[in-house]
Amino acid sequence: MTPDAPPSGAPAESLYGPRSYRVWGDDALAGQFLEVSMGPHHPSTHGVFRMDVVLDGETVVRLKPVFGYLHRNHEKLAEGMSWLGSMPYTDRLDYLCSMTNNWAYALAVEKLAGLGVPERAEYIRVIVGELTRLVNHICLAGFLLADLGALGTPLLYAFREREKILDVFEEISGARMMCNYMRFGGVRADLSPEVLQKIARIVDRFPAFLDEFERLVSGNEILLSRCQGVGVLPRDLAVNAGVTGPMLRASGVDYDLRKVDRYGIYDRFEFRVPLGEHGDVYDRYMLRILEMRESISILRQALAQMPEKGEILHPQAKLRNFRPKPGEAYGRIEGPKGELGFYLISDGGVCPYRYRVRPPSFINLTVLEDMCLGQKVADVIVIFGSVDIVLGEADR
Amino acid sequence: MFGLGLIKGLAVTARNLIGSYFDRERMTTVCYPEEIRPPIENFRNFPFLVYDERPDDLRCVACKICEKECPPQCIFIIQRRDDQGRPVKQPEVFDIDLSVCMSCAICVEVCPFDAIKMDHKFDYPSDNRFRGLLADKMQLARSNAYYHSIRPTEAAEVDARLAAETAKKAKPAPLPAKPNASAAPSA
Amino acid sequence: MNAERFAAQFPGVQWDAATSSWIVPHEILLDVANFLKTDPEFRMEMLSNVTGVDRLPAKVKTKGEDGKETEHERPGYLEVVYHFYSVSRKQGPLVLRCRTEGRETPILPSITPLFRSAEFQEREIFDLFGIVFSGHPDLRRILMWDEFEDFPMRKDYVEPDDYEWEPTPHDAVLVKARRRQVADSAPPRHDA
């Protein structure tokens, strides 16, 4: 906070050096304002993220996100590394959903190199991808509730179920979070019948857990009053600001890449796309719960349709000396957080010429200020929690 | 009724509290380190080098493929040379910097000789950030029997494959000066 | 067809078959983007991805009309690539590329007034590639700290000499390690 506000009341000359902010004229800042630096070490910033918040009383009049605390220039690293070598690094982007990160990167490289994926590998990808969606969404629900003050209980229930899925990931890939599981043209290891049985068991029990979870919190009066009508994101702004994933659909835009692009084999499954009406925090929360139910339906279909045997790696796929022909490709998938895209340019060498990640966490934060303006400072935490970001991906 | 949602939620908490005494699904944690969950076979942590008979006679032939492919560049190999200065198919130095290794297992995937595998051991305490976490060839060497003990299915597959390869090679005149060519399991 | 109408509308726009994208002169970039956004046949309301590409000066071979290959010097440039999608018509991507003149003082018009999604991404490109977007409301560094001077994603970026001893140096780090050992002429600190 600034103990002595500058005489003009303009917080631009704050403790943190000059900044050029756009909206605020001198008249608007005539009163006494308080500049709060929220984060980077704040329990609800989900990592190291800072918000420069200017408050009028308790009302937010300006909010600027500050990034870069976890920046390691992932893109530059990848440009000095073999195509395969970046695969384990993609795990570390959004470290809650390494499987879908792998998938997006593999998809873009396959597009670039013209590689196909065998049938069984496609099913495996869908299964692990949807399990990842369950992991991410249930974590988000738990974290959001922890941000709301429900410390512990819902988050631990969520983690208990996540644990069972992570055990499966460990069994198939060797690691719980940094899976490094997919390869260009397939996946690295096959699913044994025992693992498939375990997955089927998880899928069977998950709806009961979701019911329980909803009984625990969804109708809770505190949750309703803290979330409904808070942080409304209008539909047009959401589209214009490139917001994707559950955030976009909570604002009522029917845009799910699994339906639009039908990448992989998503055209073989029947599922519905839940849409929100109000675009507030509660819609975003409920939408994720509904999406989990759809994911379970996809998982059931995938487990039923999956061929018993088959290749898991395309015969022309190469591990070493992989050199796609010169060209470029943009591959994107519906990650749990939104559209996760990889834009790759190859010059025919062993390293990518240009490697770009389109991070949903980063771009979804564009509208953070718009959602928070005029809200109370306590709601900033809730709105931020409902965006669902992981700083490993936002800062790269 | 206002407060009904709250009461419903509390009922769920109570059910979980009581249920955790009876239902394993509701109680997934254990009291580590008194109780340790059985390791999952595929679990990977840091790499080790496999030898068949003697620890100084590794399967590794110092081809440096893993050194080149390792994404964080944590492997360092120098090939051994004999008295005349000719290269020998053995590493003189094989260091892995465990502070840099990120357990991605790409070295295992690219190794054509099944010489490097992933270990289950995960506790490597040290009081020196640099030297203490630099594992050399002798620290990394593990017997094939150890490999069998931690990953029985995978090790059996590898042994079968190596045995098939040696049988194939044995038909033409066997290569001299390669005492470690026999990859029969010692376990 | 859409593409033909698009090409007829903007004669300056050039189709690049190798990358399946349109090369747009920077003078008309905003007009093109506005057309794509509002035209009922395109309705590209979502600018999904904005990214920079650095092209160093290079020698390129081009085939003349007589079939002879001629080699000439191509000046370096920076390029911004835009991926547009239509949410309402479920179309896309439509890729635009916009090139700067040279690499010394690269300036391009900002697309943020039309597409908010470019706000952070243009800041990122400014930060990492050093392209200045004129008309951007809040152009400052986003991922690197404000005092940082160079542009790390450029191909000719030289990292600062901040070598830290590590036991398994390779390639560039090894060169640094050797240079440091000579310069300091003292054993690395782990030996002390």
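**Figure 1. Salt bridges between chain A and chain B of the predicted model.** Two salt bridges link chain A and chain B, a salt bridge being a side-chain nitrogen of Lys or Arg within 4 Å of a carboxyl oxygen of Asp or Glu. In one salt bridge, the side chain of Arg183(A) meets that of Glu109(B) at 2.6 Å, N to O. The interface of chain A and chain B also holds 13 residue pairs in polar contact, with both residues at pLDDT 80 or more. A polar contact is a pair of N or O atoms within 3.5 Å; within protein, one must be able to donate a hydrogen and the other to accept it, and residues adjacent in sequence count only if both atoms are side-chain atoms. This is a predicted model, in which local features need pLDDT of at least 70 and side-chain atom pairs count only at pLDDT 80 or more, while totals for chains, interfaces and linings use all residues. Residues are numbered from 1 along each chain as its sequence is written, chains are lettered from A and ligands numbered from 1 in the order in which they are written, and side-chain values use heavy atoms, with hydrogens and water left out.

**Figure 2. The side of chain A that touches chain B.** Among the elements of chain A that each supply at least two residues to this side are helix H2 (87–91), helix H5 (153–173), helix H6 (193–218) and helix H7 (221–227); helices (H or I, at least four residues) and strands (E, at least two) are DSSP runs, numbered from the N terminus. H5(A) gives the largest share, ten residues. By class, this side has twelve nonpolar, nine polar and 15 charged residues. Ala, Val, Leu, Ile, Met, Phe, Trp, Tyr, Cys and Pro count as nonpolar, Asp, Glu, Lys and Arg as charged, and the others, Gly among them, as polar. Chain A and chain B bury about 2900 Å² between them, 50% of it on carbon and sulfur atoms; buried area is the accessible area (1.4 Å probe) that two parts lose on being put together, summed over both.

**Figure 3. The interface of chain A and chain C.** Here 44 residues of chain A are in contact with 43 residues of chain C, contact meaning heavy atoms within 4.5 Å. The buried area is about 3700 Å², and carbon and sulfur atoms give 52% of it. Five salt bridges cross between chain A and chain C. One of them joins the side chains of Asp370(A) and Arg116(C) at 2.9 Å, N to O. Elements giving two or more residues to the side of chain A that touches chain C include strand S8 (327–335), S9, S10 and helix H12 (360–364). That side has 20 nonpolar, eight polar and 16 charged residues.

**Figure 4. Strand S10 of chain A.** S10(A) is largely enclosed by the rest of the structure, because five of its five residues are buried, that is, under 20% relative accessible area, with exposed over 50% and partly exposed in between (1.4 Å probe, protein chains only). Arg354(A), Arg356(A) and Arg358(A) point one way from the strand, while Tyr355(A) and Val357(A) point the other way. S9(A) and S10(A) run antiparallel and are joined by five bridges. Arg354(A) is the bridge partner of Ile345(A).

**Figure 5. Asp347(A) in the loop between S9 and S10.** Asp347(A) lies between strand S9 (338–346) and strand S10 (354–358). Its relative accessible area is 47%, so Asp347(A) is partly exposed. Leaving out residues up to four places away in sequence, Asp347(A) touches Pro326(A) and Tyr353(A). The Asp347(A) side chain reaches the backbone nitrogen of Gly349(A) at 3.3 Å.

Technical notes:
Two strands pair if DSSP finds at least two bridges between them.
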